[in-house]
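Thanks for asking me to look this over.

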Amino acid sequence: MQRLLTNLALYQLAWLACVTGAAARQPGWGYAAASATVLWHLWQAARPAKEMVLLATATIVGAAFETGLVGSGWVRMAPELLVAGFFPLWMVALWAAFATTLNVALRPLRSRVGLVAVLALVGAPLAYAGGARLGALELHDAPLATLAVAGGWALLLPLLLRAAQRFDG
C-alpha cells in the first residue's frame, strides 16, 4: 500500500511541477520532478529493464498524441515550450511520469478495460482543463479539443495497461 501511495504522490507532484512550470514558462522544474519520479520508480522496480520498455513505449505514445493535439490546433501552448513548433517536451515528461502509474497505482484496473476507458474519458479532459486553468495550455475550440482528449485517452489508456501486463517490471 505504501508503494501505491508513494507512486500516486510522486506522479501528482510531477503533474503539478510540469503544469505550473509550463504556465510560468519555466519547464525545468517539471522536467526535474518527472525525471525524479521515473528514477524513483525504476529504483523500486523488481525488473527495471522491463519497466523501462514500458516507460519508453508510453512516453513515445504520449509524445505522438500530444504532438497531434498541438498540430491540430485544438491544444495550444506557448511557442517557447514547443520543440519544432509542435512537440511539447513538458507534456512528454509528464507522460513519462504518468507511465510509472501503469504497473503500480493502476495495476488493479488492468483487467477492467471498460472501466478504464470511462475513467480516461472523464479524467483526461479534467486534467487538461486543470492545466488550462493554471495557464499551461489553451484548449482552442474547447468542445472539439475535449472530445479529442477524451477519445484519445479512452483508446490509449486501455492499450497502455495491456502493454503494462506484458512489460511488468
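1. How many cavities of 30 Å³ or more does the structure hold? The answer is one. Please keep in mind that this is a predicted model. The largest cavity has about 60 Å³ of space in it, and its lining is made up of R3, N7, L10, T37, W40, H41, Q44, T100 and V104. Two elements, α1 and α2 (28-44), each give two or more residues to that lining. Helix α2 provides the largest share, with four residues. By type, the lining of the largest cavity has five polar residues, three nonpolar ones and one charged one.

2. Next, the largest pocket. Its volume is about 560 Å³, and 25 residues line it. If you want to find the pocket on screen, start with Y11, F98, G123, A127 and W153, which lie nearest its centre. At least two lining residues come from each of α1 (2-23), α4 (89-99), α5 and α6 (142-166), and α5 gives the largest share, seven residues. The lining of this pocket counts 20 nonpolar residues, four polar and one charged.

3. Helix α5 (residues 113-133) also holds L121. L121 itself counts as partly exposed because its relative accessibility is 42%, which falls between the cut-offs of 20% and 50%.

4. Now for the charged pairs. How many salt bridges does a search of the whole structure find? It finds three. In one of them E80 pairs with R25, and their closest N and O atoms are 3.2 Å apart. This pair links distant parts of the chain, 55 residues apart: E80 sits in the loop between β1 (75-76) and β2, and R25 in the loop between α1 and α2. E80 counts as exposed, at 54% relative accessibility, while R25 is partly exposed, at 35%.

5. R107, R110 and D168 are linked in a network of salt bridges. The D168 and R107 side chains meet at 2.8 Å, N to O. D168 is in the segment after α6 and R107 in the loop between α4 and α5, so this contact ties together parts 61 residues apart in sequence. D168 also pairs with R110, with the closest N and O atoms 3.4 Å apart. Because R110 lies in the loop between α4 and α5 and D168 in the segment after α6, this second pair ties together parts 58 residues apart in sequence. As for burial, D168 counts as buried at 15% relative accessibility, and R110 is buried at 14%, whereas R107 is partly exposed at 34%.

6. A backbone point to look at: most residues other than glycine have a negative phi. R25, the salt-bridge partner of E80, has a positive phi of about 60 degrees although it is not a glycine. A84 is not a glycine either and has a positive phi of about 60 degrees. You will find A84 in the loop between β2 (82-83) and β3 (87-88), and its relative accessibility of 71% makes it exposed.

7. Last, a residue of helix α1: V19. Is V19 buried or exposed? V19 is buried, with a relative accessible area of 2%. Its C-alpha atom is separated by 30 Å from that of A46, a residue 27 positions away along the chain.

Notes:
Residues are numbered from 1 along each chain as its sequence is written. This is a predicted model: local features need pLDDT of at least 70, side-chain atom pairs count only at pLDDT 80 or more; totals for chains, interfaces and linings use all residues. Side-chain values use heavy atoms; hydrogens and water are left out. Buried means under 20% relative accessible area, exposed over 50%, partly exposed in between (1.4 Å probe, protein chains only). On a 1 Å grid over the protein atoms alone, a cavity is a set of points where a 1.4 Å probe fits but cannot get out, and a pocket is an open set with protein on both sides within 12 Å along at least five of seven lines; lining residues have an atom within 4 Å of a point. Grid points are joined across faces, edges and corners, and a volume is the space filled by probe spheres set on the points. Ala, Val, Leu, Ile, Met, Phe, Trp, Tyr, Cys and Pro count as nonpolar, Asp, Glu, Lys and Arg as charged, and the others, Gly among them, as polar. A salt bridge is a side-chain nitrogen of Lys or Arg within 4 Å of a carboxyl oxygen of Asp or Glu.
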